[in-house]
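Please open the model in your viewer and keep the selection panel at hand.

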Amino acid sequence: MKKIVLLTAGLVLTGILNSANAQDIHLSQFYQTPLLVNPALTGVFNGDHRVFINYKNQWGSIGEPYKTSALSYDFTMFKKKHETSYLGGGLTVFSDKAGEFEMGITQLNLSVSGIVILNGNQIVSAGLQGGYAQRSINTSNLRWGNQFEDGQYDSNINSGETIEPFSFGDLSAGASWSYGRKKANMSSNDQFKANAGIAFLHINKPRQSFYADDSETLYSKLVLHGGSYIGLKYTNIALVPSVLFLAQGPSIEINIGTMLRYTLKEESKYTGLLKETAVYFGGYYRVGDAFIPSFMFEMASFALGISYDIN
């Protein structure tokens, strides 16, 4: 476990010192994409298995929409065998297609984390993530300046351009901390949780170009995130604020907001046959870009959420 923490710290530091091009995908419901935010969040949850499915449709009103789909699965290992430490493993697959030329990326990430429980209510973790990706483009609809003659486009004219899909490996690392205080009793609703983390993605700065002789690289990305769950005592309400800070090359992105959780029905105390049901509503602000009203319905271990970006 110590080796995992030390190796992760070294990789994060290396990435910070070597930040130096191309940008990343991102999803508005970042709080539902833990494995894309920080590899250290792999396996950090109350349970043994966890699955997320995400879909985003963007800019459909001004042309061919941008579409992003993602699936992630993570699990815990040796959790029952060791009381104060265990491992997490995870798999993430995502696809992003942009516009009429379908320029996009398909990527598979594998992640592993080391998780240590401190004082019974604090958890620290460190994680590593390795990925393999392919960037592609549909060149059949591309039009080049030298294919126009007397102002008319002629597809029979050779553009002289050679554009090919390419693949690359990806390496990321991160660390996280979380704290949880349980409710005093079933009806008190005074539960409190907090979490924070740091990650550095694309540490190896893989080459990004459809031209073989181009040396453009993917910018490394610094990620800072935090959040909490604040139960309002003797009510059915809890506040769930969170914040995400991203720095990738010249780009800075800040997301901040709060969801309000209202418990519609509590789990039955004795039989467990009635499962807890709740709704979340609230919103986020992506600084300088968009307001994001959001809604989520939760029943037992399942949840379904929707959000809309208002630019």
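Begin by selecting Phe30, Val37, Ala199, Leu201, Val223, Leu244, Leu246, Met259, Tyr280, Tyr284, Ile292 and Met296, the 12 residues of the largest nonpolar core. Such a core is a set of buried Ala, Val, Leu, Ile, Met, Phe, Trp, Tyr and Cys residues joined through side-chain atoms within 4.5 Å; buried means under 20% relative accessible area, exposed over 50%, and partly exposed in between (1.4 Å probe, protein chains only). Two or more of these core residues come from each of strands S9 (192-201), S11 (237-248), S13 (277-286) and S14; strands (E, at least two residues) are DSSP runs numbered from the N terminus. The model is predicted, with local features requiring pLDDT of at least 70 and side-chain atom pairs pLDDT 80 or more, whereas totals for chains, interfaces and linings use all residues. Residues are numbered from 1 along each chain as its sequence is written, and side-chain values use heavy atoms, without hydrogens or water.

Next, centre on Phe30. Leaving aside residues up to four places away in sequence, Phe30 touches Val37, Ser242, Val243, Leu244, Asn255 and Tyr284, a contact being heavy atoms within 4.5 Å. Another core, of 11 residues, lies apart from the largest one and includes Ala70, Phe94, Ala133 and Ile163.

Now display the salt bridges (a side-chain nitrogen of Lys or Arg within 4 Å of a carboxyl oxygen of Asp or Glu); the count is seven. Select Arg261 and Glu298, whose side chains meet at 2.6 Å, N to O. Arg261 belongs to strand S12 and Glu298 to strand S14, so this pair ties together parts 37 residues apart in sequence. Both Arg261 and Glu298 are buried.

Arg286 is buried at 5% relative accessible area. Its closest N and O atoms with Asp289 are 2.7 Å apart, and its side chain meets that of Asp309 at 3.0 Å. The latter pair joins strand S13 to the segment after strand S15 (302-307), 23 residues away.

Finally, turn to the surface and select Tyr262, Leu264, Phe281, Phe295, Phe297, Met299 and Ile306, a nonpolar patch with about 680 Å² of accessible area together. Patch members have over 30% relative accessible area and no salt bridge; like charges are joined within 9 Å, and nonpolar side chains (Val, Leu, Ile, Met, Phe, Trp, Tyr) within 5 Å. Areas follow the Shrake-Rupley method with a 1.4 Å probe, only the protein chains shown counting as cover for residues. S14 gives the most to this patch, with three residues.

Conventions: Helix = DSSP H or I, 4+ residues; strand = E, 2+ residues; numbered from the N terminus.
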